Every structure is written in structure tokens, then in C-alpha cells.
Amino acid sequence: MNWDVIVIGGGGAGLAAAASAAESGASVLLLESELELGGSTQLSAGMFTAAGTSVQAALGVDDSPERFFQHYMDLNQWMLKPGLVRAFCEQAGPTLEWLLGLGVEIPAVVSHNAHMPGLCQAGVEDVWRGHVPKDQGLGLVQVLARACRTGGVEIVLGTRVDRLLHEDGRVVGAVADDVEVRAGAVVVASGGFARDPELLDRYYPSAGRAGDALFVVAAPGSRGDHLRFGEQVGAAVTGHEWGLMLPTAYFQRLHHWQSGFPPRSRVYVNGHGRRFMDEDASYAVSGGIIEAQDGPVWAIFDERARRGLPPGYAHWTPEHVLAEAEADRTARAATLPELAETIGVPADALVATVERWNAQLPHGRDADFLRHRTLAAKGADGPLDPIGEPPFYAVRTLPAELVCTHAGLEINASAQVLDVRGDVVPGLYAAGEAGAGVLGPRYVGGGNAVANALTMGRIAGLDAARTAGASAAAASA
Ligand SMILES: Cc1cc2nc3c(=O)[nH]c(=O)nc-3n(C[C@H](O)[C@H](O)[C@H](O)COP(=O)(O)OP(=O)(O)OC[C@H]3O[C@@H](n4cnc5c(N)ncnc54)[C@H](O)[C@@H]3O)c2cc1C
């Protein structure tokens, strides 16, 4: 054996696996295909969902892994394996404490969004579980990379693993650039497949429903190599058709923190010209609600809202919306009935929808969809403006920003990869987007994927170090 543990991929899952295996005394080689560490984790806000943490306790939030587990399973309609999800919910808190011990900073203050360090509402949970670190995903990566260096992990950049070494039914290493490296255990942490159109067609075909509006924000290394490794060793794949697509305007092409945000004073209407949701609902549920509507969904707002858009973003600015309207890609009309005709919804319904909105939220309450509660959680102050100043606009809104994919190698509660019969593939672990079964049909809110990557990465690293130690002992006996 050259190494106790080889880790494939240096994003959140890989760094957590490598640092924890090294902490357990294993010799670790980490291979990263790109010229820098970080993957999608580095691009993320770093929000981390966990229950029963010291940050929650300092804010007086009474929570437990059991409560987290119940919410997680209910939101995912119990379509996930309870044993695996239970392990994740139990270990997310300790993993967060481990990160705090390594130097990650999460102040015990109330946060109103994924870019404000502290504790915020992650999704639709009853107690807040979204832990936002200082310095976001980049900060997490830097802290974990430092822990790897301190632990003596050998990190090799610019080296894409081509295949696994599989001998006598056991994974014994990996091959990169025609060089074989051997180890007692291998952790696949190579991220998702959002950047590979063929794999998207195969494992997440519904992403194609976004058509020309589809855009991918996942890191360039998200090429789906885990699925190719899995084929090599007969691994089971789970999570077909699951992933995170954020609702966006058809004209957005960048993650929302760069593209910008639609006007606060807007309503979403469906093909019947009716409002159907809290427009600020978490993406834990908003994509699914939008997809369930009859006909296209439109964001309706007025001239005052367009003018009030803040500058400094790539797409949601007064000038960009105007340019889209002048190019006839965004619908614009002098009256609501004319706007309704342009977008093909019943005029009387659209007029009634806007009248009802004007009678509600501009006065502080949304009796139909309780949007005032979401706005309060986001720290919004003051009532919203009514929709009344012509011209009026309608912007097609749909889930089209592909953030991460959930189909990957099926794992058990120790992050060991399972084969198609459900047996462990000896010597092989997977975590993060590569290791599937924790990220389900419903994303439980901001922080679900980073928590999955780091928690299951840490579990994989600890168990891989133990397995490697056992095989080394057996080999020398
Ligand atoms: C813009 C953005 C914002 C996000 N915000 C959040 C958030 O705030 N909270 C949250 O929970 N989730 C968020 N997510 C999702 C989350 O960041 C990811 O799902 C998670 O970080 C994935 O971690 P990972 O370790 O599985 O993959 P990655 O972090 O992508 O790491 C995989 C690594 O493996 C490397 N690799 C790939 N193939 C090979 C190979 N063959 N050999 C060697 N190396 C290889 C890649 O280059 C990459 O560095 C966000 C994602 C994006 C893109």
C-alpha cells in the first residue's frame, strides 16, 4: 500500500474526508482534477444545516437531531433510507462543532440571509437550522485545507482520476495520468454531474424542462466521474431525477447573488392569472410549487418596482429589465388587461389578483400565503408597495438555475458504497454529491448540500481510516 486512504476530489466532502482520516492517524493522498481546491463548495455561501448545535443553544433555540430527522424525512415524503438520514442528522451537529474547533466562525446572532453570518431560516423548518459561516464556502475550504496540511495530507492538484483499481472484488487504489496509486480505502468525493449534458439527460432529465433558460452554476469539475467509477465496480446508483434547480427569471444566467433579485413588490401568477404561492418561499419548496402549476408562471410588477431595482447586479436592474421589454422578451403593457392578453391569462383573474394583493400586503399581511412571515424572517422592513403604476411587466419565472445534482453512488450510514445487490463494495466510500441517499427529492433548505458534503465526508474519512488500518494489519499479519 502506498497510502492508507486516497481521496478523489478536493471540494467540501473530499477535504473533510482527508482531514478526518489524517486526524485518525492515516496517511492520506488527495487528488484534485482542477488547479485549485474547493469545487462547488468554494462557490457556495457555505450555509450548513444542523441541529442541536452550540450556536443554536447560544441563541436559545431548542433543537435536536431527532426533530431534524423527522422534518427531513417528512419533507422528503419518507422516500429516503431512514438509517442513512438518521446518521446524517445525528452527525451534522458534531461535524459543525468540529468545524468550529478547526477555526470556522459562526457568530451566535440572528442572520437574515445566506450571506449574513449567524443562524438563519434554512428552509421551511419550524426552528432555524441554517448556520452561515463568516467568509462563506471559501472560508470553509480554507479552514479544511489548513487542517489537511497540518495533518500531513499529500495534496496533488491538476490530476483527474480516470478510474479505480479494482482487484479481487476490492477497491485498492486509483489511476490518474496512467499512474497507479494504491491504498487501503478510496473515498470518491468528486462532486456532481451538472456540467455533463449526457449524464443530465440520463440521471436528471427533468432539468431539461427549463429549455433555453437552463444554466449551471456548479463548479467546472462537476463532470460526473463518480458515476463512471461506479459503473466500473457495479455500484448501485440512487437519486435519479433529484437535484436542486432554483427558480429564476428566464433572463438570469448567474447565481442569484450576482444576477440580482426580482422586485420585492411582485406577484407570481399561473396560467389562470391567479396567485398561488408566497413569492419569497424558500427554494426548499418554491421550485416544486412552480413546477406544479398549469401553464407558465409569471412575475408581475409595475413601473415603480422596476425603477426601484437596486444597481450593481448583472440582470435584475432597471436598465436590463427595460432592455428585455424593448426587445419584446419581457411582456410590458399599459394596462393589466392588455398584459393579461399578451401572456395569455384571463384578464379578469389577473386584475382581481392584483387588486387582492394591493388590499393585502401593502397593508402588512398576506392572509392567503402568509408571505409577511417570510419577509419578517428575511429582515424586511416596511410594507410592500402596491402594484399600480403603468406600464406593467410580466417576466417568465421557472426553475432553471442548476445548483447541484443528487444522483450518485448509493451509500450506507458509514458512507460505504453499495453494489446493486445492496452489499458493501469493499474499500470504497463516497460522500458529497458523489455519495447519494442523503440529498433527496426535496432540498431541505439552504445548507442541505454543504452539510451533506462535510458530514458524510467526515464520516467517510473516519471509517476509511479505520478500514485501511484493519487491512494494513491483516496484510502484515
Ligand atoms: C453557487 C453555489 C452556491 C451554493 N450554495 C450552497 C449553500 O450555501 N449551502 C449548501 O448547502 N449548498 C450550496 N451549494 C451546493 C453545495 O455547494 C454543493 O452541493 C457541495 O458543496 C458539493 O460538495 P462536494 O464536495 O460533493 O463537491 P465539490 O465541492 O464540487 O467538490 C468536488 C471536487 O472534485 C473534483 N473532481 C471532480 N472529478 C474529479 C476527478 N476525476 N479526479 C479528481 N478530482 C475530481 C472537482 O474539481 C471538485 O473540486 C451551492 C452550490 C453552488 C454552485
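A polar contact here is a pair of N or O atoms within 3.5 Å; within protein, one must be able to donate a hydrogen and the other to accept it, and residues adjacent in sequence count only if both atoms are side-chain atoms. With that in hand, a nitrogen atom of the ligand sits 3.0 Å from a polar backbone atom of Ser 33.

Some ground rules. This is a predicted model, in which local features need pLDDT of at least 70, side-chain atom pairs count only at pLDDT 80 or more, and totals for chains, interfaces and linings use all residues. Residues are numbered from 1 along each chain as its sequence is written, and side-chain values use heavy atoms, with hydrogens and water left out.

Back to the ligand. Met 47 places a backbone N or O atom 3.2 Å from a ligand nitrogen atom. Gly 12 has a polar backbone atom 3.3 Å from an oxygen atom of the ligand.

Now the helices. Helices (H or I, at least four residues) and strands (E, at least two) are DSSP runs, numbered from the N terminus. Axes are lines fitted to C-alpha atoms, for helices over the stretch in contact, and angles run from 0 to 180 degrees between N-to-C directions.

How do H1 and H6 lie relative to each other, roughly parallel or roughly antiparallel? The axes of H1 (residues 12-23) and H6 (residues 136-150) come within 8 Å and cross at roughly 30 degrees. H1 and H6 are therefore roughly parallel; the classes are under 35 degrees for roughly parallel, over 145 for roughly antiparallel, 65 to 115 for roughly perpendicular, and oblique for the rest. On the H1 side, the contact (heavy atoms within 4.5 Å) includes Gly 12, Leu 15 and Ala 16; on the H6 side, Val 141 and Leu 144 are among the residues.

The second pair is H4 (residues 65-75) and H5 (residues 82-102), whose axes come within 9 Å and cross at roughly 135 degrees. That makes H4 oblique to H5. Residues that meet there include Phe 68, Phe 69 and Tyr 72 of H4, and Val 85, Arg 86 and Phe 88 of H5.

Two backbone details to finish. The peptide bond from Pro 390 to Pro 391 is cis, with omega near 0 degrees, and Pro 391 lies in the loop between helix H15 (371-377) and strand E16 (392-405). Asp 178, which is not glycine, has a positive phi, near 65 degrees; its place is the loop between strands E8 (170-176) and E9 (179-188).
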